[in-house]
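I opened this notebook page to record what I looked up in the structure below. The entries follow the order in which I took up each topic.

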Amino acid sequence: MGAIFADRDTPVACVTGEGSIQMCIQELSTCSQYHLPVKIINLNNQALGMVKQWQDMNYEGRYSQSLYEESLPDFIALAEAYGHVGIKVTRYEDLEPALEKCFAMKDRVVFMDIYVDPTEHVYPMLVPEGSMRDMWLSKTERT
């Protein structure tokens, strides 16, 4: 929101996950109050992604408190309840047209709920008690 306050002529997007956005979902109200047409790109893997990845990589997939797909809100309905536009994407082939539609709406907050593969990981990833020289570069490769 601060970026769009600084330059209202440049499109601003927040790339987040469904766990992260729930920690500050109330900012959808602030966007309404100040007419800030931010684009929210929610990468939804239906889990606390970093925690789940850590549990996959270091604890053989023994999950604790990282999976919650059955308790997630309907993000589209939530965005619309704040008066914003919601776009749900569940198929890869629908992603590009949905992004084009999103960024074509110059004067609206658009919340894109994009479902991603819940088994995919993000790299690089630090190893337990390691330094920047000790990272996972992929599921099988370390520095």
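**Entries on a loop, a strand and a peptide bond**

I looked up H35 and noted that it counts as exposed, because its relative accessibility is 64% (buried means under 20% relative accessible area, exposed over 50%, partly exposed in between, with a 1.4 Å probe and protein chains only). I found H35 in the loop between α3 (27-34) and β2; helices (H or I, at least four residues) and strands (E, at least two) are DSSP runs, numbered from the N terminus. Phi of H35 is near 55°, a positive value in a residue other than glycine.

I noted the basis of the entries: this is a predicted model, in which local features need pLDDT of at least 70, side-chain atom pairs count only at pLDDT 80 or more, and totals for chains, interfaces and linings use all residues. Residues are numbered from 1 along each chain as its sequence is written, and side-chain values use heavy atoms, with hydrogens and water left out.

I then turned to strand β2 (residues 39-44): five of its six residues are buried, so the strand is largely enclosed by the rest of the structure. Strand β1 (residues 13-17) runs parallel to β2 and is joined to it by five bridges; two strands pair if DSSP finds at least two bridges between them. In this pairing, T16 stands opposite N42. Six bridges join β2 to strand β4 (residues 110-115), also parallel, and there L43 stands opposite I114.

I recorded L43 of β2 as partly exposed, at 37% relative accessibility. Among the residues that L43 touches are V15, E18 and V116, contact meaning heavy atoms within 4.5 Å.

Lastly, I noted a cis peptide bond between Y123 and P124, with omega about 0°.

Conventions. Lists of a residue's contacts leave out its neighbours within four places in sequence.
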